[in-house]
Amino acid sequence: MNRSAAKNLIERYFRQLTVGCGNDDCDNELCASCGRFPPLDKNAAAVRALELCKANAKLCELKTEYDIQAADVKEDFSDVHYLTENTICMILTVCEEEGDYSALIRVVGRVFSNANSLIKSFRRNDPDSTEPRDGARDRPGASPEVTVDIESVRRVYERLEKIERAESALANALLYLTPNLELDLEYLEVCQTNPDYLNIFVILMENHNLHSPEYLETALPQLCKAMSALPVAALTRLCKLWSGYELPHIRRMMETFQQLITYTVLSRDYDGEHLVNEDDTVVAACKCLKVVFYASVVGGDVDAEHNDDDDGGDAADSDALSLHELLGEERLYKKGPQVDLLEKELGVRPIDSRKPLIPFEDFVNESLNDVVEMDKDFTFFKVDAEMKFSFQTCPFVLNVVTKNQGLYYDNRIRMYSERRLTALYSMVQGQQPSPYLKLKVRRDHIIDDALVRLEMISMENPSDLKKQLFVEFEGEQGVDEGGVSKEFFQLVLEEIFNPDIGMFTYDDDTKLFWFNSSSLENEAQYTLVGIVLGLAIYNNCILDVHFPMVVYRKLMGKRGTFCDLPDSHPVLYQSLKELLDYGGDVEADMALTFQISHTDLFGSPVLYDLKEKAEDIPVSKDNRQEFVDLYADYILNTSVERQFRAFKKGFLMVTSESPLKYLFRPEEVELLVCGSRKLDFEALEKSVEYDGGYSKDTQIIKDFWETLHSFGEEQKRLFLQFTTGTDRAPVGGLGKLKMIIAKNGSDTDRLPTSHTCFNALLLPEYSSKEKLRERLLKAITYAKGFGML
C-alpha cells in the first residue's frame with residue numbers, strides 16, 4: 001500500500017474509533033457509535049487505528065456532510081437510507097409542493113456518497129419497483145447477476161437532469177465516494193464478500209453527464225481509478241451486462257472514457273521524463289475503455305467457434321531459447337501468446353468478432369497515439385509489464401501506425417539478439433557464421449536460388465530466419481539497405497503467383513488468388529511462400545499480394561466459414577445464399593444432395609462427400625444450413641488443408657514469437673503485408689524532403705508536382721514503384737513515406753534515376769516542364785532492375 005492510501009485508510013479507522021459512523025443502530029464493536037464500544041483517548045485510538053488497518057478490520061460507512069446538513073432541517077427524510085424510483089418520485093412531489101428542492105438534493109447527495117446506500121438502491125426485486133428489468137437484451141452471455149433495475153435508474157437520472165443543483169450534488173457526492181471505493185476494492189476485497197458491490201458502478205455509469213466539465217477534471221478520473229481496481233471477475237460481469245445494452249447506451253460509455261483520455265492528453269505535457277504511461281487518469285480510463293471494448297465484441301456478431309488449433313508446428317529453436325536464457329533475455333522472448341485476463345475470463349477474443357456493436361476504429365484515440373513513445377512502451381510491454389503500464393495491453397486504442405512501431409522495435413531487437421547469439425556461437429564453436437540472413441540469387445533463377453536456400457535454413461537452423469535479411473543479386477552492384485530486398489520480394493512473388501506454376505488460382509472478377517487444391521507442388525513450396533510472407537513483415541517490406549481476407553483470418557487462428565465466402569468465392573456465396581433464402585420446396589426443386597463436385601487441375605470433375613452416405617441425403621429446408629456450412633468448410637478449409645497448413649507453418653517460423661497475433665486484427669495484418677492501395681499524393685508532397693539545392697519553391701519542383709498530380713492512377717503507381725520499389729503506400733499512408741528528391745545535375749537528356757533503398761528520386765534540373773514530363777514518364781515506364789546508376 002502506498003503512503004497516501006495508508007494514511008487515508010488509517011484516518012478513516014481513527015474517525016470510526018473516536019467519532020463513530022453516526023448510525024445509532026451500529027453493531028460494529030470497533031466503532032464509537034456502537035453501544036458496546038469502550039471509549040478511547042486519541043493516543044490510544046491512533047495506536048488502535050494502525051492495528052485495525054493492518055488487520056483489514058471491518059470499516060463502517062461514516063456520516064457525510066449530507067447527513068450533517070439533514071439534521072438541521074425539518075423535512076430531512078432521515079429515514080431514507082437508499083433510493084428507489086418511487087422514493088425519488090415521492091420526495092419530488094413534496095419538493096414541488098414546497099417549491100424547494102433542497103431536501104431532494106440532500107437525499108441524493110447522501111445516498112450517492114455512501115457505498116452501502118448505493119448498493120441497496122434501485123433493486124430489481126425491491127417492493128417499490130414496479131418495472132421489469134430491461135437493462136440487457138436477451139442474448140447469450142448477457143449477465144443475469146446484476147440486481148439493478150437499470151431502466152428505473154435511467155428514468156431517475158432523466159428527472160434529476162431537469163433540476164438545478166442536482167448535477168453539482170451528484171458530482172460532489174462522487175468526489176466523496178470514489179476514494180473510499182478505491183480503498184475498499186484494493187485493500188478490503190469487498191467484491192468477493194459482497195457481489196452486489198458492482199451495483200455501485202452500474203448505477204454511476206448510467207449518468208449521461210459524466211463527460212461534462214463538472215466531472216471531467218476530478219470526479220470522472222476518480223471513478224475510473226476505482227473501476228479499474230475491480231477484480232477480473234467483477235469486470236467480466238460488468239462487461240457481460242453492458243454487452244446487452246442497446247447501442248446508444250454502450251456508445252455513450254465509450255465516448256465518455258474517450259473524452260476523458262483526449263481531454264487529459266491535450267491538457268498535459270508529456271516528454272521523456274513524464275510519459276503518458278505514468279498518467280494515472282489516462283491509464284485508468286484505458287482500462288475502463290477495455291471493458292466497453294469487450295462488451296462491444298461480446299454484444300456483436302461473435303464466432304467463438306471455428307478455431308484452428310494447428311499452430312503450424314514448433315517453429316522455435318530450443319537451443320536458441322536456452323541461449324536467450326544465458327544472455328538474460330528469457331523475459332524479453334518468453335514463449336506463448338500474451339494473455340489478457342479479461343479476455344480469458346470472457347472466452348471471447350477480438351479475432352472472434354465478425355461485427356462488434358461499435359466499429360473497432362471508433363476505439364482508437366488519435367490524441368493518445370500522438371504522445372505514446374513506443375520505444376519505451378515496448379520495453380514496458382515485454383520486460384516491465386508487472387511494474388509499468390503499456391498501451392499495448394490495450395491495443396484497441398492504438399492505430400495501426402503506432403502498433404507497427406511496436407512491432408518494428410520487437411523485430412529490430414530480435415534481429416540484434418540473433419547477432420549476439422551468432423557472436424556466442426562463434427566463440428564457442430570457433431566458427432564465423434553470418435549475423436545476417438544472406439541470400440545471394442541470380443535474377444533469372446530467383447526461385448531456385450532463393451527458395452532452395454530458405455528451405456535449407458528452415459530445416460537446419462530456423463532461428464536464422466529471425467536475422468535481418470540481406471539480399472544480393474549476382475552480377476549487380478548495390479548494398480541492400482532495404483531497396484534490394486523490396487525488389488527481391490517483388491520478383492519472387494511474380495514467379496510464385498504465376499498461374500502457369502499452378503500453386504494458386506486467380507479469379508478475374510475479384511482479382512484475388514486462392515490456394516489450388518489440386519496443385520502438384522509439394523508442401524515445402526507452400527512453406528517457403530509462408531516464410532516469404534513472414535520475412536516481409538519482419539523486415540518491414542510491402543508486398544504486392546492479393547489474398548482474400550479469410551487467408552489472414554486463418555493465419556490468425558480462425559477457420560473459414562460461410563461468412564468469408566463473399567470476399568473469396570462471391571459466385572459460390574451467391575448460390576448458397578439463394579439456397580438459404582429459397583421459399584419453395586428445396587428438396588423437389590433443387591434436387592441437391594450432400595455430395596458435391598469440383599474440377600481438378602486438369603479440368604476433370606471430382607466428387608466429394610460432405611458427410612457419410614452423402615449421395616443418399618437430399619438437401620431440404622430443414623438441413624440446408626448444415627449443407628451450406630459443410631460446403632463452405634470444404635472449400636475454405638478441408639480442400640486446401642495440406643497447402644494452407646504448410647503455408648501457415650512457414651509464416652509462423654518467422655512470426656511465432658512476435659506480438660503480431662496479439663496486437664493486430666486480420667485486416668491490419670493485410671495492411672502490414674500489402675500496404676494501402678489508397679494513394680494520397682497531396683500528403684506525399686507535404687512530407688517529402690529535398691536535397692542538393694532543391695526546395696519546395698524551386699521551379700523544377702513546382703513543375704514536378706504539377707506533372708505528378710496530372711498523372712493517371714496507373715502512372716502514379718508506376719512512379720511509386722520506380723521510386724520506392726512498391727506501388728503501395730506504407731502503413732499510415734503516403735504521408736508516412738520518407739521520400740527524398742535530390743538534384744542530379746543541370747539540364748540534360750538523361751532520365752531521372754532512383755535509390756529505392758532510400759526512397760530517393762534523383763532529378764536533373766530540366767529546362768522545361770514538357771521535358772520533365774517526357775523524361776519522367778519514360779523512366780517510370782521502362783525501369784526495371786537494381787543498379788540503374
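What does Arg-354 count as, going by its relative accessibility?

Author: Arg-354 counts as partly exposed, because its relative accessibility is 24%; the cut-offs are under 20% for buried and over 50% for exposed, with partly exposed in between (1.4 Å probe, protein chains only). Before going on, a word on the model: it is predicted, so local features need pLDDT of at least 70 and side-chain atom pairs count only at pLDDT 80 or more, while totals for chains, interfaces and linings use all residues. Residues are numbered from 1 along each chain as its sequence is written, and side-chain values use heavy atoms, leaving out hydrogens and water.

Now the partner. Arg-354 makes a salt bridge with Asp-564, with 2.8 Å between the closest N and O atoms; the term means a side-chain nitrogen of Lys or Arg within 4 Å of a carboxyl oxygen of Asp or Glu. This pair ties together distant parts of the chain, 210 residues apart: Arg-354 lies in strand β2 (residues 353-355), Asp-564 in the loop between α24 (549-555) and α25 (565-568). Helices (H or I, at least four residues) and strands (E, at least two) are DSSP runs, numbered from the N terminus. Asp-564 counts as buried because its relative accessibility is 6%.

That's one of 35 salt bridges in the whole structure. Another is Arg-717 with Glu-713, 3.1 Å between the closest N and O atoms. These two are about one helical turn apart, because 4 residues separate them in helix α34 (residues 713-724). Arg-717 is buried at 7%, and Glu-713 is partly exposed at 46%. Elsewhere, shared partners link salt bridges into one network of Glu-361, Lys-403, Arg-665, Glu-667 and Glu-668.

Let's zoom in on that network. Arg-665 and Glu-667 meet in a salt bridge at 2.8 Å, N to O. Arg-665 is buried, with a relative accessible area of 15%, whereas Glu-667 is partly exposed at 34%. Lys-403 sits in helix α20 and is buried, at 3% relative accessibility. Its side chain also reaches the backbone oxygen of Leu-663 at 3.0 Å. Leaving aside neighbours within four places in sequence, Lys-403 has contacts (heavy atoms within 4.5 Å) that include Phe-664, Arg-665 and Glu-668.

Terms used
A polar contact is a pair of N or O atoms within 3.5 Å; within protein, one must be able to donate a hydrogen and the other to accept it, and residues adjacent in sequence count only if both atoms are side-chain atoms.
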